[in-house]
Amino acid sequence: MTKIDIIQDVYEKLGFSKKDSARIVESVFDIIKDNLTTGEKIKISGFGNFVVKEKKARRGRNPQTGDEIAISARRVLTFKSSQVLRKALND
């Protein structure tokens, strides 16, 4: 599913114009993105949690050559589904 598919679903299910549906979807994604970039956790009831975690710099190995490489510190986004979503997926 792509963002265009989500916009189309909002258009069909809620009856907004396509332009308004696109604005709504973009706004929701922007709000989520803005909060994640500041390090906040996003909890969507019945869906799951988005959390930004800090990874420390470490030594790694290139699997093709076996050479050691430095892996820089970075932030990664993790998602943990809610029990409601897991149950819906497995029923």
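Q: What makes the place of Thr78 part of a strand?
A: Thr78 sits in strand β5, residues 74-81; strands here are DSSP runs of E with at least two residues, and helices are runs of H or I with at least four, numbered from the N terminus. This is a predicted model, where local features need pLDDT of at least 70, side-chain atom pairs count only at pLDDT 80 or more, and totals for chains, interfaces and linings use all residues. Residues are numbered from 1 along each chain as its sequence is written, and side-chain values use heavy atoms, with hydrogens and water left out.

Q: Why is Thr78 called partly exposed?
A: Its relative accessibility is 28%. Buried means under 20% relative accessible area and exposed over 50%, with partly exposed in between (1.4 Å probe, protein chains only), so Thr78 counts as partly exposed.

Q: Which residues is Thr78 in contact with, leaving aside its neighbours within four places in sequence?
A: They are Asn49, Phe50, Val51 and Lys53, where contact means heavy atoms within 4.5 Å. Lys53 is 25 residues apart from Thr78 in sequence, yet 7.3 Å apart in space, C-alpha to C-alpha.

Q: How do you know which strands are the edge strands of the open sheet?
A: The sheet has 3 strands in the order β1-β2-β5, with antiparallel pairing. β1 (42-44) and β5 each pair on one side only, which makes them the edge strands. Two strands pair if DSSP finds at least two bridges between them; β1 and β2 (residues 48-55) have 3 bridges, so they pair by that rule. Ile44 stands opposite Gly48 in β2.
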